[in-house]
Amino acid sequence: MAHQASGMSDDDMAALQKLSDDFQPEISGPLVGQREPSTAITAEYASADPVFQAKTASLPQKYSHYRKMRGDGKCGWRAIAFGYFEALIHFGNENKFVEEEARLRSLHNVVNNAGYSPYLYEDFADAVFDILRKLSVSLQIGNAEELLLESFNDETEQNYVITYFKTLTCSWMKAREGDYAPWLPGQSVTAFVDSQVMPIGSEIENVSMSALKDVLLSPASIQLEVLYLDRTDGVEPNMHRFDPQNSAHPIIGSIRLLYRPGHYDIVYKTEDVPQSTTSVQTYLQYHNETHNEPVMDLGMSDFMTMIPGMSYAGPQQSWLPGAGYGYSDYLASPPASMPALVESPELQSRTQSMYIPTPRTQMVPPSDEMPQDMDIRSDHHEETQPHFSGQSQTSPFRSSYYQFEPGFVSATSHVPFKTAIFKNSHFNTAHFLNPDFQPEEWRPEDEPMLMTNHSKGGRHNSFG
Amino acid sequence: MSGNKRIMKEFADIQKDPPPGCIIKLLNEEDMNVWDVVMDGPADSPYTGGKFTVQVTLPKEYPFKPPVLSFRTKVYHPNVTNDERGAMCLGMLKADEWKPPNKIAEVLRLVRAVLAAPQPDDAVESGIAEQFKNDNKSYEKVAKEWTAKYAK
């Protein structure tokens, strides 16, 4: 007995068994549920034994959402079938649906050779082709996911789909007996498919799942992962990835299943979920973290060189201590900062900057969803207040290279420039990279014009 | 709806090529889901010479639920219930073991094969099964009598 081997008392075993028994897959409810945040699974196991608690607690970090399958003994077939269509939708290419229909049709030779009569399986096949066509059309309208959910919650329609995929699986296994026979000791592939795949009440198991993946998913470049949530040691569910045979081709999507003994649900990573349901706001980044910010890794410096006047600015950014204006600030949308520009001519005239930075407090659009960042922002606000009274060393405006040299004197004048592009480039003698660097002079009579420039240059100003 | 399409196809098919010893009609022309089958007792069995009426009821979920078979003719057999229902218990007709690509014609072939060769280990009438195993002569005698009496 297994429990004797693991050194557990019968009482312990009984207690654990009870917990295990307590997990009841939904036998009512929709056949395929809505996508929900996976924190619901964590909550479900909050009072389970520690291994399950730890594993389910770590789940939402990697897999943000899940979709419940009805636990009626067909959930594995259903989850993969649903995931297949969903991956095609997520890929978003109408031609792929046409391709898939053609590919599946071409498999019918294999199905015929396996001994299934076309007049019986064509009904099952047609149901799948109907869905493929329906989804291809609805891709443009944008309601593909609802349609799929609707189809899968029609029990008859779903039965057709599952039966077709079972038929393909059986045919494939019979055609490649050598690949699967070693996994089926003591029985022939034919006996196995007849007794354990094709019957209406047969749930998917490892060999049939592998065969379904081989015939349906891999050729469509869809990857299959299964997370096993069980009582083995560890703090995360064990993940098994069925590698696509066809690894030369890029993957167009992934189906991720969460397996709890006897039951499959679908889980999703954030990237599998359509954008509308996520709220990641990468532009809310501050201070030193600027250097670690993910956008830096995405070839941001190349992007920087495309901005007039920015060609040398990037590398110098990082050595400036406390340079609070990051790339992300640059990306922030200017409208929120406009009022500040109107209010602050006096301030700008007092500082050395020839570019017109905006106080950072106005650079970031307010966000209701991230209260922590709101706090951080208000901290900055207080910290940067002093510069408003003219302390240039703690200026909110990014310091120039020359500002750090001995004898640096704040510029007291401005030279108006015709365009923001020229003004910001090193061809401007007022640019610190210009060999003939000559700080701008400020003249009160230029003030109105400067204001015009300010608003035009607003987007670029933090990179002076 | 699509279930009906399948049933219609199967019905057309079975009319063209009926399983041996079977005549298949609709019990009621309006209803595709109830088939009336008249089956000849298999040769070399106590049922020879008898004509057995079997009603095949196809659930509306067909082919995702198995057909239900019922002997309308009383038959003395270990695998057929000796009651009003006359149910024959075949593994392939269990809800969980039913395979959607199975055809009714195959089911009828199997019914006839079981009629010819009872499966006492899978019996629904354990008394008849015991007799079949331990006192085959008496079993054959009763089965013949019932065939002569009911299956004319």
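Leu224 of chain A stands opposite Phe242(A), a residue of strand β4(A). This pairing belongs to a predicted model.

Strand β3 of chain A covers residues 222-228. Five bridges join β3 to β4(A), and the two strands run antiparallel. Strands of a sheet pair through backbone hydrogen bonds, either parallel or antiparallel.

How many strands form the open sheet in chain A? There are six, in the order β1-β2-β6-β5-β3-β4, and their pairing is mixed. Which strands stand at the edges? They are β1 (32-37) and β4 (238-242) of chain A. Each has a single partner strand, so one side of each is left without a neighbour in the sheet. From one strand to the next, the twist averages 25 degrees.

A helix packs on this sheet: α5 of chain A, residues 75-91. Helix α5 touches β1, β2 (65-69), β3, β5 (253-260) and β6 (263-268) of chain A. The direction of α5 makes about 20 degrees with that of β6(A).

The size of an interface is often given as the accessible area lost when the parts come together. Here, chain A and chain B bury about 1500 Å² between them. Carbon and sulfur atoms account for 65% of that area.

In all, 17 residues of chain A are in contact with 17 residues of chain B. Three salt bridges are counted between the two chains. The count of residue pairs in polar contact between chain A and chain B is seven. Helices α8 (118-141) and α10 (155-175) of chain A each supply at least two residues of the side that touches chain B. The largest share, five residues, comes from α8(A). By class, this side of chain A has eight nonpolar, six polar and three charged residues.

**Salt bridges**

Side chains of opposite charge can pair when their charged atoms come close. Over all chains, a search of the whole structure finds 30 salt bridges. Two of them are listed here.

| Salt bridge | N to O distance |
|---|---|
| Glu101(A) with Arg133(A) | 2.7 Å |
| Glu122(A) with Lys9(B) | 3.0 Å |

What does the pair Glu101(A) and Arg133(A) tie together? Glu101(A) lies in helix α6 (residues 94-106) of chain A, and Arg133(A) in helix α8 of chain A, so the pair ties together parts that are 32 residues apart in sequence.

Methods. Residues are numbered from 1 along each chain as its sequence is written. Chains are lettered from A and ligands numbered from 1 in the order in which they are written. This is a predicted model: local features need pLDDT of at least 70, side-chain atom pairs count only at pLDDT 80 or more; totals for chains, interfaces and linings use all residues. Side-chain values use heavy atoms; hydrogens and water are left out. Two strands pair if DSSP finds at least two bridges between them. Helices (H or I, at least four residues) and strands (E, at least two) are DSSP runs, numbered from the N terminus. Axes are lines fitted to C-alpha atoms, for helices over the stretch in contact, and angles run from 0 to 180 degrees between N-to-C directions. Contact means heavy atoms within 4.5 Å. Buried area is the accessible area (1.4 Å probe) that two parts lose on being put together, summed over both. A salt bridge is a side-chain nitrogen of Lys or Arg within 4 Å of a carboxyl oxygen of Asp or Glu. A polar contact is a pair of N or O atoms within 3.5 Å; within protein, one must be able to donate a hydrogen and the other to accept it, and residues adjacent in sequence count only if both atoms are side-chain atoms. Ala, Val, Leu, Ile, Met, Phe, Trp, Tyr, Cys and Pro count as nonpolar, Asp, Glu, Lys and Arg as charged, and the others, Gly among them, as polar.
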